[in-house]
Amino acid sequence: MWRWLDYDVFVPARTGVLFRVRTSETAETLEDADWTTIATVPEDESPAAINTALEDAMAESEGRYLELEVQLSSANPDSSPPLTPAVYNVAVSYECPAIVY
């Protein structure tokens, strides 16, 4: 089960970072899966619960494959120097299901 999205970002005023994921049982069907927003920075804090966001969106939460998309945005296009967010680190954790004998 996909568990956590940990991230370290720098977000100046009037900028943002959006993290989205999609999951699938096969690499071939991943492209057809719907995107689910996991975190929006600066509103959300790290770590973000991937499984909770997927379940809330009624998306596949236990797919074998996960694709992560990171979108950077700025409402400061004319500032000098330009102000943009920065992503320093991103980590995704997965927890294997328990095996019961």
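This is a predicted model: local features need pLDDT of at least 70, side-chain atom pairs count only at pLDDT 80 or more; totals for chains, interfaces and linings use all residues.
1. Confidence. The chain has an average pLDDT of 91, and 100% of its residues score at least 70. Strand β3 (residues 36–41) has the highest confidence, at 96, whereas α2 has the lowest, at a mean of 90.

2. Salt bridges in the whole structure. A search returns three salt bridges.

3. Arginine 3 and glutamate 95. These side chains form a salt bridge with an N to O distance of 3.6 Å. Arginine 3 belongs to strand β1 (residues 2–10) and glutamate 95 to the segment after β6 (86–94), so the pair links distant parts of the chain, 92 residues apart. Arginine 3 is partly exposed at 22% relative accessibility, and glutamate 95 is partly exposed at 45%.

4. Arginine 20 and glutamate 69. Here the salt bridge spans 2.7 Å, N to O. Because arginine 20 lies in strand β2 (residues 15–24) and glutamate 69 in strand β5 (residues 65–74), the pair ties together parts that are 49 residues apart in sequence. Glutamate 69 is partly exposed, at 23%.

5. Arginine 22 and glutamate 67. The closest N and O atoms of this salt bridge are 2.8 Å apart. The pair links strand β2, which holds arginine 22, to strand β5, which holds glutamate 67, across 45 residues. Arginine 22 is buried, because its relative accessible area of 12% is under 20%; glutamate 67 is partly exposed at 29%.

6. Negative patch. Glu25, Glu55, Asp56, Glu60 and Glu62 form a patch of negative charge on the surface. Among them, aspartate 56 lies in helix α2 (residues 50–56) and is exposed, with a relative accessible area of 64%.

How values were computed:
Residues are numbered from 1 along each chain as its sequence is written. Side-chain values use heavy atoms; hydrogens and water are left out. Patches are made of residues with over 30% relative accessible area and no salt bridge: like charges are joined within 9 Å, nonpolar side chains (Val, Leu, Ile, Met, Phe, Trp, Tyr) within 5 Å. Accessible areas come from the Shrake-Rupley method with a 1.4 Å probe; for residues, only the protein chains shown count as cover. A salt bridge is a side-chain nitrogen of Lys or Arg within 4 Å of a carboxyl oxygen of Asp or Glu. Lys and Arg count as positive and Asp and Glu as negative; His and the chain ends are not counted. The place of a charge is taken as NZ of Lys, CZ of Arg, CG of Asp or CD of Glu. Helices (H or I, at least four residues) and strands (E, at least two) are DSSP runs, numbered from the N terminus. Buried means under 20% relative accessible area, exposed over 50%, partly exposed in between (1.4 Å probe, protein chains only). pLDDT is the predictor's confidence in each residue, from 0 to 100.
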